[in-house]
Structures are given as C-alpha cells and as structure tokens.
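Dear colleague,

Please find the structure below, handed over for your review. My notes on what was found in it follow directly after.

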Amino acid sequence: NILMRQYPDWEFLDVTKVGHEGDCRCISPYGEILYEFKSYDSNVNKEQVIKFYNDLETTGIKMGIFVSNTSGIVGKKDLEWEIINNDTLIIYISNMGFNGKGCIIATELLIALVKNNIMKKDNWIYNENIDKEELYSNIIENMNEYKINNNMIIKLKKHVRDYRYRLNSIIDIFESEIFEILLNSEKIYKRMLGIVEEIKNKEAVITYQLHDYYKLGNDTLALS
C-alpha cells in the first residue's frame, strides 16, 4: 500500500483480524505506531475514538494515527493532534479520500512533532509561544484546497469515462458500417472481375468462331 511505498524501510503489520489492536501496526525508527482506518458514510462517532484509546492502551503503543477517509470525526478537526495520559500522541485526519495521501500527511506530522519533542513540556511550540490553532489552520487551509482539487479530478475523470464510453459506442457503429461497406465493395469488385472474365470468354468464343469460318472457307476454295 501507499504507506509501504512511502516508508520502504519500515515494517507494517496488518492486524485488522486481531482484536483490540487497531488496523495496522508499524515499527518505525521513531517507535511503534498504531493506525486505525475508517471509511464511513457518516461521521465517525466518539465510541470509535474511545475504542482507539483502548487499543493503544492494550498494545502499550504511544503513537497513534486515526484516519477517516470519507467523513469527519466527531469532536475533531479535519487535522488535529492530541496527547492523552501525558505520554501518548494521536494524530487525527479526515475527509482526504481513498488515495492514501491523508495517512501520509498524518504520519509526516507525527514524525515532525516527535522530532520536536512534542511530548515534553518544554517543546518547541511552548518555547516559541506558537499558536497551535494557527498551525492547524495553515495546514487545514491547504487541505481544503487539496480536497477541492481532488473532488474536481474525480468529477473530471467520471466525465472522461462517460465521454469515452459514448465515443467508443459511436466508433463501434462507424466500424460496423465500414465493415459492411468493405464487404459490399468486395462483392462489387468480384462482380466487376466476373464481367471482365465474361468478356474474355466471349472474345475467345468469337475468335474461335472466326477461325472456324475462315478455315471452312479455305477448305471450300481448295475443293473447287
């Protein structure tokens, strides 16, 4: 999948069929990461978020990424992070579609926060007095623009498929007509050859008849 292509040196384990362990477990240079993926028609409810908290606690993993591909997450922005129990970092990302870019953005954000000691009290956000909401808004603004472009791409691709289907149908009709015309042309060609052949045969008959006539005349003269 896209995570394995983006991080080929990391180890990813599919744990969807293992109870209380999320959907994917990753061993990275920054520690283990637990992933949860949702693709609901409606917003992901708080019970699913609490279940993810429990999965992190059960596994003892201190970093988690919660991805909702097709809907929002109740109580969360489209991109948000939080620290629970003073030692567990969770990134939430939603509404980014099925192309996998959402989980890459969330993973890169997690890496950036870990590298900047977000778990410690004197982290860079605290020391630099950076507004957390401003950080969110800057990223989310670009995410919204990305989603608009992505939705446009989906619509245009659908139009291309529809027009290609229609064009292929028209082309099929034209090709069928061309085939019928070619068959008819072949028949006409053979008919022309047949007429020419008949002319050749008639010429041969006439030549033969003239030869016999002259031969007969010569024989008659010889007798007289």
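Asn 95 is placed in the loop between β6 and α3 (101-115); helices (H or I, at least four residues) and strands (E, at least two) are DSSP runs, numbered from the N terminus. The model is a predicted one, in which local features need pLDDT of at least 70 and side-chain atom pairs count only at pLDDT 80 or more, while totals for chains, interfaces and linings use all residues. Residues are numbered from 1 along each chain as its sequence is written, and side-chain values use heavy atoms, with hydrogens and water left out.

Asn 95 is not a glycine, yet its phi is positive, near 65°. Most residues other than glycine have a negative phi. With a relative accessibility of 27%, Asn 95 is partly exposed, a class that lies between buried (under 20% relative accessible area) and exposed (over 50%), using a 1.4 Å probe and protein chains only.

A positive phi, about 55°, is also found at Asn 85, again not a glycine. Asn 85 sits in the loop between β5 (79-84) and β6 (88-94). Its relative accessible area of 61% makes Asn 85 exposed.

Which residues does Glu 11 contact, leaving aside neighbours within four places in sequence? They are Arg 25, Cys 26 and Ile 27, where contact means heavy atoms within 4.5 Å. Glu 11 belongs to strand β1 (residues 11-14) and is partly exposed, at 42% relative accessibility. Between Glu 11 and Arg 25 there are 8.3 Å from C-alpha to C-alpha, at a separation of 14 residues in sequence.

Kind regards
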